[in-house]
Amino acid sequence: MVPAAEAEALILSLITPLDGSDALEAVALGAAAGRILAQPVTGALDMPHWDNSAMDGYAVRYADVAQASADHPVALTLTETIPAGKPPTQPVAPGQAARILTGSMMPTGADTVVMQENTQLQDNRVLILDAPQPGQFVRHRGSFYQAGQPLMAVGTRLGGPELAVLAAAQCVNVPVFRRLRVAILSTGDELVNPETPLQAGQIVDSNQYALAALVQAAGAEAIPLGIVPDQPKALAAAIQSALAQADVILSSGGVSVGDFDYVDRILADLGATLRIRSVAVRPGKPLTVATFPSVNAQHSPILYFGLPGNPASALVSFWRFVEPALRKLSGLREGWSPQFVEAVTQHPLKGGGPREIYLWGRLSPNSANPSRYDFALAGGSHSSGNLVNLAGANALVVIPVGTELLPAGEVVRVMIVR
Ligand code: AMP
Ligand code: MG
């Protein structure tokens, strides 16, 4: 049994992130949300692109207004109004000011903007009632970003702010890594689709749906391969079909020590290298991690995760081990590991045994002290076969090996899962 942290490190060490031209595609800016940047972006435009005003007010020459005050206002003659989106038509000479709006280009001659609140309009003159700072309220060309400098690094996940930056840089075709392809198969003679009325002893294949949703939420493409019976030939054929189309293969079930648990044997027969066979985690002890040599030698091997069949075990294994692997493989530069935070447990938590224990529940900010998190254990059974109370869970509390009991009110380590 490999301890969880060690297993995670081992899995990550097997992975070379997507790279190279065959891992790259260009997508339109509007379709790039959630994707990962595959080439560094260098902008061709300074930001801002013009000296412009940060305020509604008057563009002035600082030297003209340095001594202005409410008692001794300075009167300046107005030249024009410069609306946003139109260039100024004349310079500001000594003794003059231009009416300017937020974002409007600064006229030549002017070096400072006086905000409207410190002025008073008098016919075609403006009275300046307060001395500004020199250069105040001018956003200078290139002061946020200079053309030619690195703008965004490879491996950045593109969310709202990143897309805004790319839009401002007029990067309309965004180079991103292709989506990972993740094949999902459910093994077990007892499994049926949700549409099928249950015969005695049958179980609905729920893992297929859980795993597909989690794979998609991780930004990858899910390839559902359905239910595979516990027959070596069928299993070998399904895995071979998955190998032909996926970067990562997830199966659930068949990795324990039962009479019909064939996955490990078939993997070995098909030429895989078995890296992990069980982890010191509860739920989720049976976990097979194997690699197949990649078709193209410079790339990551094809990763096979044989997840346990029990629904809670399959999910915990996915969150703890598969998700970090998908993040690293996808080309994401950082943040592969799960996020752990400290929280105060609202319920006593029972530990014990040789495995790290993961129990599901909800993490939320404490209402009285928002700098503190609370963890509330999901009610109902924490059996690995129960999935009902997993709905709504957003975190897993971790009970370390060697801990018998964590009383309510204790600070605990919690893994965020959504
Ligand atoms: P196994 O690891 O194959 O022994 O499966 C362990 C338990 O998980 C058994 O009770 C299975 O019926 C159940 N199980 C296996 N696969 C699935 C699945 N895809 N969806 C829901 N339950 C499953
Ligand atoms: Mg089974």
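A pocket is an open set of points on a 1 Å grid over the protein atoms alone, where a 1.4 Å probe fits and protein lies on both sides within 12 Å along at least five of seven lines; its lining residues have an atom within 4 Å of a point. The views below come from a predicted model, in which local features need pLDDT of at least 70, side-chain atom pairs count only at pLDDT 80 or more, and totals for chains, interfaces and linings use all residues. Residues are numbered from 1 along each chain as its sequence is written, ligands are numbered from 1 in the order in which they are written, and side-chain values use heavy atoms, without hydrogens and water.

**View 1. The largest pocket.** Look for Gly-253, Pro-308, Gly-309, Asn-310 and Pro-311, which lie nearest the centre of this pocket among its 40 lining residues. The pocket holds about 700 Å³ of space, where a volume is the space filled by probe spheres set on the points, joined across faces, edges and corners. Strand β24 gives the largest share of the lining, four residues; strands here are DSSP runs of E with at least two residues, and helices are runs of H or I with at least four, numbered from the N terminus. Domain 1 (4–18 + 178–329) and domain 4 (339–416) each supply at least three lining residues, with bounds from an automatic or database domain assignment.

**View 2. The second largest pocket.** This one has a volume of about 580 Å³. Its lining has 24 residues, and Leu-214, Leu-315, Trp-319, Val-417 and Arg-418 lie nearest the centre. Helices α4 (207–217) and α7, together with strand β28 (411–416), each give two or more residues to this lining. Because domain 1 and domain 4 both contribute lining residues, the pocket lies between them.

**View 3. Ligand 1 and its neighbours.** A side-chain N or O atom of Asp-205 is 2.8 Å from a nitrogen atom of ligand 1. For Ser-206, a polar backbone atom is 3.1 Å from a ligand nitrogen atom. An oxygen atom of ligand 1 lies 3.0 Å from a backbone N or O atom of Asn-310.

**View 4. Strand β25 and its partners.** Strand β25 (residues 373–377) pairs with β22 (residues 339–345) in the parallel sense over two bridges; pairing needs at least two bridges found by DSSP. Here Val-344 stands opposite Asp-374. Strand β24 (residues 356–365) pairs with β25 in the antiparallel sense, over five bridges, and Gly-361 has Leu-377 as its bridge partner.

Definitions and conventions: A polar contact is a pair of N or O atoms within 3.5 Å; within protein, one must be able to donate a hydrogen and the other to accept it, and residues adjacent in sequence count only if both atoms are side-chain atoms.
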